[in-house]
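Hi there,

Here is the structure I promised to pass on to you. Have a look at it first, and then read my notes below.

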Amino acid sequence: MRTSILSVQDLSKHYGSTTVVDALSFQIAPGECLGVIGPNGAGKTTTLRMCLGLTAPDAGSITYFLNGQDAGLRMPGDALAIKARLGVVSQSDTLDPDFNCAENLQVYGRYFGMSAAQVRVRVPALLAFASLSHKAGSKPGELSGGMKRRLSLARALVNDPRLLLLDEPTTGLDPQARHLMWERLQLLLQQGKSILLTTHFMDEAERLCSRLLVLDHGKKIAEGQPKELIAQHLEPDVVEVYGVGALALAESAEHTGLRALAARVEVSGETVFFYTQDARPLLDRLAAHGHLRTLHRPANLEDLFLKLTGRQIREDA
């Protein structure tokens with residue numbers, strides 16, 4: 001058995017007649033960031049809750065810290081021993097509003113059985129890591145959204161965990177705050193930490209994740225390295241066409257010969273997407289439609305996500 005920080009095998013969860021997670025299996029290796037992506041209701045958060053022992057699975061196994069010889073720790077039976085070695089950042093803000101930044105870290109450290117002296121030694125470095133040294137005496141209500149998320153991450157590191165479970169850690173942040181959070185997460189990966197990350201941001205997944213797990217309706221529909229998945233499922237070139245007349249152009253694509261220059265043509269809102277092996281002939285033909293705007297780019301994770309899960313908006317489950 002290979003070394004694994006987390007091994008999930010045939011995990012399932014049902015609520016009544018609805019299957020939320022369906023025979024899901026995956027592993028995380030030391031120093032790896034595994035991204036879990038999928039539309040609303042795909043089972044991402046339920047999977048994370050089962051890995052944390054917050055929701056009981058109906059079937060399957062969750063094993064932590066396999067090293068090839070050790071049998072590992074099982075959730076939920078070994079929940080206390082497992083949680084002592086985990087760091088968690090949830091979607092919602094769980095910081096204590098009555099304590100300042102330093103106190104939030106100090107109190108949280110005591111939950112892990114650390115002495116007051118041990119925690120005090122760690123707090124300055126954690127605040128520095130989160131770029132919050134100047135806010136040590138400020139309460140969470142005085143912090144920006146990005147600062148709160150960085151403080152939550154610092155708090156998750158107070159016990160020096162081997163594995164971090166992050167549930168959409170940058171939701172609601174502005175671009176600058178997101179980039180700073182990404183920088184901190186990349187530093188943790190460089191230090192050898194492992195990360196399980198759920199996200200709706202495809203650029204986040206592409207920047208941070210060494211492997212991706214794509215879920216839909218509780219099932220794993222794809223798994224692999226981001227670049228490999230893009231090459232496996234998509235044409236390399238994408239041409240977006242938008243502006244007045246773009247939809248009419250899509251409707252007449254067969255007649256004008258444009259469709260023959262693309263492997264796939266999709267419409268979303270007011271934009272037409274041409275997926276092709278070679279964009280040059282298509283761009284040359286589109287030059288005759290000067291009133292339209294075009295964007296030529298390589299295929300990306302958002303294209304992969306939309307192809308595998310569809311363009312229809314899902315309401316929150």
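Predicted model: local features only at pLDDT ≥ 70, side-chain atom pairs only at ≥ 80, totals over all residues.

By type, the lining residues of the largest pocket are nine nonpolar, five polar and three charged.

Next, two pairs of packed helices. Two packed helices are described by the angle between their axes and the distance between the axes.

For helix α5 (residues 145–156) and helix α6 (residues 175–190), the angle is about 15 degrees and the axes are 9 Å apart. Angles under 35 degrees count as roughly parallel, so α5 is roughly parallel to α6. Their crossing is right-handed. On the α5 side, G146, R149, R150 and L153 make the contact, meeting A177, L180, M181, R184, L185 and L188 of α6. This contact is made up of six nonpolar residues, one polar and three charged.

Now compare helix α8 (residues 226–233) and helix α12 (residues 301–309), which pack at about 55 degrees with axes 10 Å apart. That angle makes α8 oblique to α12. The α8 and α12 crossing is left-handed. Here P226, L229, I230 and H233 from α8 meet L301, L304, K307 and L308 from α12. Six nonpolar residues, one polar and one charged form this contact.

Happy exploring!

How values were computed
Residues numbered from 1 in each chain as written. Heavy atoms only, no water. Axes fitted to C-alpha atoms, helices over the stretch in contact; angles between N-to-C directions. Helix = DSSP H or I, 4+ residues; strand = E, 2+ residues; numbered from the N terminus. Parallel < 35°, antiparallel > 145°, perpendicular 65-115°, else oblique. Left-handed = near helix turned anticlockwise from the far one by under 90°. Contact = heavy atoms within 4.5 Å. Nonpolar A, V, L, I, M, F, W, Y, C, P; charged D, E, K, R; others polar.
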